[in-house]
Amino acid sequence: MLSAFEQKMASLNFLQSFNDFDALFNYVARNSGLANGCCLLVYDFCLRMGHHMSPKVEPDKYVYLVRGARGGAEAVLGKLKNTYKLPTAFLQDALSAHSLTSMEIEDFLCVCEPHIRKLGGLNCATINSLCQKHGITLP
């Protein structure tokens, strides 16, 4: 099913005009016909599409919380409801990792989730301060 969708979307030349991953993701999510909860499918499609664009289009403003990255983010921040992405700058602050890109943070959260859980995440005062700074409300 997704390969037919990928072929249809790839044949649309106007997708090449997107120079922002978030705009591409939002467009594909709105127009794909995929049910809610298929964020991973849309994300993977957009990553693949963006990789073949010139210049390359990849996440930069947000870290998308799909699969392992969600688990890692929840290990740091606690349970996340009704969100599929967090601002990169927020996670850079939360992880004290200002040089990491969105993709690197996603990889870190995914790969290191078990280790983050063992460390017990960050203290509440730090999280609350960062949430306030970035205008984020956590449950």
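Student: Where is asparagine 82 found?

Tutor: Asparagine 82 is found in the loop between helix 4 and strand 2 (85-87), where helices (H or I, at least four residues) and strands (E, at least two) are DSSP runs numbered from the N terminus. This is a predicted model, in which local features need pLDDT of at least 70, side-chain atom pairs count only at pLDDT 80 or more, and totals for chains, interfaces and linings use all residues. Residues are numbered from 1 along each chain as its sequence is written, and side-chain values use heavy atoms, with hydrogens and water left out.

Student: Why does asparagine 82 count as exposed?

Tutor: Exposed means over 50% relative accessible area, buried under 20%, and partly exposed in between (1.4 Å probe, protein chains only); asparagine 82 has 85% relative accessibility and therefore counts as exposed. Its phi is positive, about 55°, although asparagine 82 is not a glycine.

Student: What makes arginine 67 count as exposed?

Tutor: The relative accessibility of arginine 67 is 68%, so arginine 67 counts as exposed. Arginine 67 lies in the loop between strand 1 and helix 4 (68-77), and its phi, near 50°, is a positive value in a residue other than glycine.

Student: Why are helix 2 and helix 3 called oblique to each other?

Tutor: Helix 2 (residues 21-31) and helix 3 (residues 39-51) pack at an angle of about 130°, with their axes 10 Å apart; the axes are lines fitted to C-alpha atoms over the stretch in contact, and angles run from 0 to 180 degrees between N-to-C directions. Angles under 35 degrees count as roughly parallel, over 145 as roughly antiparallel, 65 to 115 as roughly perpendicular and the rest as oblique, and helix 2 and helix 3 are therefore oblique.

Student: Which residues of helix 2 meet helix 3?

Tutor: Phe21, Leu24, Phe25, Val28 and Ala29 in helix 2 meet residues of helix 3, including Tyr43, Cys46 and Leu47, where contact means heavy atoms within 4.5 Å.

Student: Which residues touch the most other members of the largest nonpolar core?

Tutor: A nonpolar core is a set of buried Ala, Val, Leu, Ile, Met, Phe, Trp, Tyr and Cys residues joined through side-chain atoms within 4.5 Å; in the largest, with 16 residues, Phe21, Leu24, Phe25 and Cys46 touch the most other members. Helix 3 gives the most to this core, with 6 residues.
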